[in-house]
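Please have the sequence and the model open while I talk, and stop me whenever you like.

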Amino acid sequence: MESQVITVGLDGSPESRAAAQWAADEADRRQAVLRLLHAWILLAAQAPDTSPDLDQNAAVRQLVEQVANEVRERHPHLQIMEDLVGAEAEVALLQAAAESRMLVLGSRALAPWESFALGDTSLAVVGRAEVPVVLVRGGGHTEPPRKQSTDAGPPVAEPRVVAGVSLNGPCDPLLAFAFDTAANRGLPLQVVHGRALPVHAYAPWGIEPEVAEEVVKEAEEKLRETLLPWRERFPDVPVRLTVLPESPTRAVVQAVSGAELLAVGRRRHRPFLAPRVGPVAHAAIHHVRCPVVVIAHD
């Protein structure tokens, strides 16, 4: 039986507070329990009758209580668990993920020179958690429309769920989450696929349009075939296909404007010494402003 708990990690940052509100909205929508978790390795053991002035955990306890009160203002009937854990954040979050339906974390955009640093806790958790991990920025919940290249067409700004899909192998957990979320929110689903052009598509005067059109058409046909069982399972979810003659990373990042949520996949089994998170998920985590959910699949 799937857990009915959605856990959010709190560290006091504006991003983690935004993550708590996003997680509360999602828990209310899914009729789940919201777990507010703060992990601190120096958390002290306290007797139940410890007076407030002697409570060494007073500051972190107050943080969790404040966020709980903020959440209750918007969701007065939501069931909330307040949890303080004496452990390293990564260890506590992975344990919480194993007990949850979804894990939600705050995330900040990185400057370009920082975007290749893979050592932060959030990315380590994303690369190991088996449940969907959602990363939420501080501030707004959607990606603002941006100017797109001529090849990509005009910006698509209506609220929707976006899924970046590879055709190199099965991605059923990713599609299941994307279709279920779109149905749950009553939103259309945009499925994005980027297909890099072969070498012979490039000529001294530019790109051969016939070759690009053939590549896109072939990818569209394969994508329709992949989505067919999911469209039959979710007949009420409007689906739009976007296949771009770009690298998968560029295609996903440029197609997400106006989205409420971007879903991308993470392969469980990657080559030895390769990063746990692939280039598409890595770019989305660091550069996309709407909430990003990373889903492990084979």
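I'll go from the overall picture to the salt bridges, then to one helix and a charged patch.

A word on where this comes from: the model is predicted, so to speak of local features we need pLDDT of at least 70, and side-chain atom pairs count only at pLDDT 80 or more, while totals for chains, interfaces and linings use all residues. Residues are numbered from 1 along each chain as its sequence is written, and side-chain values use heavy atoms, with hydrogens and water left out.

Let's start with the whole protein. It has eight helices and twelve strands; helices here are DSSP runs of H or I with at least four residues, strands are runs of E with at least two, and both are numbered from the N terminus. Of its 298 residues, 48% count as buried. Buried means under 20% relative accessible area, exposed means over 50%, and partly exposed is in between, with a 1.4 Å probe and protein chains only. Now contacts, meaning heavy atoms within 4.5 Å. Among those with a separation of 6 or more, residues 24 or more positions apart account for 80%.

Next, the salt bridges. How many does a search of the whole structure find? There are 14, counting a side-chain nitrogen of Lys or Arg within 4 Å of a carboxyl oxygen of Asp or Glu.

One of them joins the side chains of Glu70 and Arg17, at 2.7 Å from N to O. Glu70 sits in helix H2 and Arg17 in helix H1 (residues 14-30), so this pair ties together parts that are 53 residues apart in sequence. Both partners are partly exposed, Glu70 at 29% and Arg17 at 22%.

Helix H2 has another link to show you. Arg72 forms a salt bridge with Glu82, with the closest N and O atoms 3.8 Å apart. Arg72 is in helix H2 and Glu82 in strand E3 (residues 80-85), so here the parts tied together are ten residues apart in sequence. Arg72 is partly exposed at 32%, and Glu82 is partly exposed at 40%.

Elsewhere, Glu246 and Arg250 meet at 2.9 Å, N to O. Is Glu246 buried or exposed? Glu246 counts as buried, because its relative accessibility is 14%, whereas Arg250 is partly exposed at 49%. There is also a network of salt bridges, linking Glu26, Arg29, Arg30, Asp180, Arg185 and Glu260.

Now look at helix H7, residues 248-255. Its buried residues are Ala251, Val252, Val253, Gln254 and Ala255. What covers them includes strands E6 (161-164), E7 (189-194), E10 (239-244) and E11 (261-267), along with helix H8 (279-287).

Last stop: helix H6, residues 209-233, where we find Glu214. Glu214 counts as exposed, because its relative accessibility is 56%.
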